[in-house]
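Hi,

Here's the structure I said I'd pass on.

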Amino acid sequence: MSNNNQPTFPPPPPCGIITLSTDFGISDSYAGALKGVLLSVNPGCRPIDLTHALAPQDVQAGSFHLTQACPFFPTGTVHLAVVDPGVGTERRPIIVVTEKYFFVGPDNGLFSGIMQGGSNYFCFEPINTQYFLSPVSSTFHGRDIFAPVAAYLTHGIAPAAMGRKIEDPVLLALPAPPTEENNCLTGSIVHIDHYGNLITNIPQDRVLRIAECGQIMIACNDTVIRKLYTAYAQADENELFGIIGSGGMLEISAKNNSARLATGALRSQRVSVSADPP
Amino acid sequence: MSNNNQPTFPPPPPCGIITLSTDFGISDSYAGALKGVLLSVNPGCRPIDLTHALAPQDVQAGSFHLTQACPFFPTGTVHLAVVDPGVGTERRPIIVVTEKYFFVGPDNGLFSGIMQGGSNYFCFEPINTQYFLSPVSSTFHGRDIFAPVAAYLTHGIAPAAMGRKIEDPVLLALPAPPTEENNCLTGSIVHIDHYGNLITNIPQDRVLRIAECGQIMIACNDTVIRKLYTAYAQADENELFGIIGSGGMLEISAKNNSARLATGALRSQRVSVSADPP
Amino acid sequence: MSNNNQPTFPPPPPCGIITLSTDFGISDSYAGALKGVLLSVNPGCRPIDLTHALAPQDVQAGSFHLTQACPFFPTGTVHLAVVDPGVGTERRPIIVVTEKYFFVGPDNGLFSGIMQGGSNYFCFEPINTQYFLSPVSSTFHGRDIFAPVAAYLTHGIAPAAMGRKIEDPVLLALPAPPTEENNCLTGSIVHIDHYGNLITNIPQDRVLRIAECGQIMIACNDTVIRKLYTAYAQADENELFGIIGSGGMLEISAKNNSARLATGALRSQRVSVSADPP
């Protein structure tokens with residue numbers, strides 16, 4: 001992160017694409033209102049839904065989601081995200097600028113995964129109310145602050161024109177990186193997906209190094225799993241197994257079943273990986 | 001509303017944006033078929049999902065939804081909405097033209113909230129079948145009538161070219177406006193959102209006037225609430241409280257909980273607001 | 001289907017529209033990642049969500065969905081579909097080219113309904129890795145193979161440039177067409193929709209011919225239904241009835257209720273239609 005008052009790289013040129021990630025659900029008018037504001041500020045922008053079904057108020061889940069979906073978008077994309085339990089308090093709005101993207105939303109840790117992902121970034125707090133709706137409600141800054149700011153970014157308005165540089169964005173404590181002791185790796189479940197797959201923070205290379213030492217043993221919530229496959233179809237019906245997921249991390253899956261239900265595991269629980277020497 | 005045969009203002013210039021609000025759900029092909037028809041009639045139009053998860057057949061909920069989401073869109077937007085239990089009967093299709101927008105859907109009260117919201121409007125019944133799919137099914141006018149009509153509007157076809165002016169659109173009885181007696185306001189719950197917030201029809205200024213008289217008391221379904229906050233974060237965990245929502249109306253919320261579950265309240269139930277004089 | 005090595009018609013000119021149909025659900029990052037890849041390969045393409053709520057791993061349901069939604073799109077649309085239990089195995093990727101459309105996804109029968117629907121088509125297996133993401137994961141070919149191939153199609157890259165022609169695409173056994181014996185038609189339930197309507201494979205003309213012979217009797221899972229209506233509103237509250245649905249097939253519905261719950265019927269169950277002679 002930059003430590004002086006000047007950005008250390010020029011912001012990316014905006015491409016007109018604005019992604020939306022929220023916990024608004026799919027049955028209310030909130031996501032629609034957001035899109036209306038975006039298109040009113042810039043009728044040429046292109047809103048793209050990522051999800052509106054983040055767990056309500058779950059900033060950690062939102063942070064993980066953004067790290068998984070956003071990197072696939074073209075340079076200049078504006079990523080608008082709203083999970084905002086602190087709306088109406090002193091919680092600041094924030095623009096995070098990375099070498100490829102703009103992120104806009106509440107400064108509550110929602111962009112932690114992005115900021116801690118290793119790329120350079122700098123941050124602004126939008127304070128220039130000419131870029132907000134008027135009046136600003138105390139319960140829906142997504143509509144009244146974040147959406148218009150996101151849309152003005154696609155117009156090429158510089159983040160510095162909308163606010164002041166800040167050096168202390170809120171960062172969540174990320175799950176501890178996996179530890180290794182006596183050839184036993186210990187990490188944790190960072191997300192459970194729609195299929196019931198348990199997604200860990202244990203990277204592929206470390207899993208494969210353990211697997212070379214003998215019969216793999218993956219332990220999670222009192223269940224021990226002894227299979228590491230490369231395709232779901234290799235498993236027997238309902239069988240629990242490990243697999244390297246599309247994010248390059250160890251996942252625990254159950255064939256045509258939910259590993260969440262089969263193991264009873266919850267997010268944040270520990271997962272260990274070791275090997276029975278041959 | 002206009003009372004003669006001529007519109008009293010020119011229709012807004014179409015901007016190519018078509019919003020979609022339906023009760024089709026998200027797992028069937030119905031919403032997709034709608035978008036296909038829109039893009040077949042005008043490949044340059046831009047379909048924007050508002051929601052496909054309106055409660056099935058709930059015209060009242062659809063009407064409320066449109067009043068909340070549509071006003072944020074740019075002038076010239078076509079709002080296509082389908083909640084249509086009367087499809088295949090004599091129920092007419094309708095185009096409602098306001099000073100900013102076009103609305104297309106069934107003439108069953110779905111646009112009541114828009115028409116009763118105070119803006120000028122005029123209405124047409126599309127009858128010119130050259131603007132419909134052929135044949136028209138008896139069960140899916142969303143696809144066969146409303147979608148092509150909406151898309152032709154974005155092409156600049158005048159509503160009057162597609163049908164005949166009508167003066168008697170169907171209007172739902174809106175919830176009675178709040179009444180006030182002896183410094184006690186009585187309104188009702190008009191919507192319950194995804195978070196479980198109970199949204200009333202009692203406007204901010206009237207609530208604040210009561211609150212100035214003493215300790216506020218909000219009563220709903222045998223629960224009495226004595227707090228009025230300006231941010232969700234001011235509440236204690238699970239605490240019930242009143243708050244002015246993003247639509248400018250009193251809402252009943254529960255911190256990190258569902259006020260719907262906490263109170264057992266249903267849509268249409270009465271909510272009263274009074275004050276214990278200090 | 002073509003039986004030689006050359007396509008028998010030119011592929012349609014791409015129009016920039018890419019529809020998405022998946023079983024990814026709406027709460028994860030998978031659908032978002034797909035859209036990111038599409039827009040990275042062709043920033044000018046237009047992703048259009050059909051559904052992300054196909055039943056997990058249900059290739060048959062996906063096949064039916066595509067036959068219902070896709071035909072309404074303009075010529076040149078690319079239909080991207082992902083229901084992919086065999087990802088990471090020898091299961092091939094496939095491009096199906098019809099006279100109007102391109103289809104991209106796994107070669108596991110997902111396009112059976114399209115291929116068996118009577119239009120001409122030819123197929124390619126994309127093998128040219130320059131059109132894939134790199135590296136290709138073993139669990140998410142939707143993102144790494146199908147999405148970039150779909151987006152390159154909108155750039156005008158010929159299917160033949162991306163892979164080799166194949167003559168043996170996987171075809172699911174479709175539900176048997178309805179049979180008729182002694183004026184009794186027997187078909188089956190091919191889909192149950194969001195409202196609980198039971199959609200059969202018995203076409204309108206055959207139902208109407210039976211109905212001309214006397215009082216109609218529709219039998220399904222031990223329930224006998226004696227009404228055939230042309231509009232939902234003709235039924236009494238909760239009444240079960242037959243109706244010709246928007247796809248031109250017999251459906252069993254219940255007024256303001258779920259015919260699925262009212263009958264206990266499941267997909268694939270038999271439905272018979274006969275008449276009590278007058």
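How many residue pairs are in polar contact between chain A and chain C? The count is 14, with both residues at pLDDT 80 or more; a polar contact here is a pair of N or O atoms within 3.5 Å, where within protein one must be able to donate a hydrogen and the other to accept it, and residues adjacent in sequence count only if both atoms are side-chain atoms.

Before the rest, some housekeeping. This is a predicted model, where local features need pLDDT of at least 70 and side-chain atom pairs count only at pLDDT 80 or more, while totals for chains, interfaces and linings use all residues. Residues are numbered from 1 along each chain as its sequence is written, chains are lettered from A and ligands numbered from 1 in the order in which they are written, and side-chain values use heavy atoms, leaving out hydrogens and water.

Back to chains A and C. There, 29 residues of chain A are in contact (heavy atoms within 4.5 Å) with 32 residues of chain C. Together the two chains bury about 2400 Å², 57% of it on carbon and sulfur atoms; that is the accessible area (1.4 Å probe) lost on putting the two parts together, summed over both. A:Phe72, A:Tyr195 and A:Ser246 supply 27% of the area that chain A buries against chain C, more than any other three residues.

Inside chain A, take a look at A:Ile94, which sits in strand E4 (residues 93–98); strands are DSSP runs of at least two residues and helices (H or I) of at least four, numbered from the N terminus. A:Ile94 is buried, at 1% relative accessibility (buried is under 20%, exposed over 50%, partly exposed in between, with a 1.4 Å probe and protein chains only). A:Pro169 is 75 residues away from A:Ile94 in sequence, yet their C-alphas are 8.0 Å apart.

Over in chain B, eleven of the twelve residues of helix H1 are buried, so H1(B) is largely enclosed by the rest of the structure.

Most residues other than glycine have a negative phi, and most peptide bonds are trans. A cis bond joins A:Ser134 and A:Pro135, and another joins C:Ser134 and C:Pro135. A:Asp222 has a positive phi near 75° and is exposed, at 82%.

Cheers
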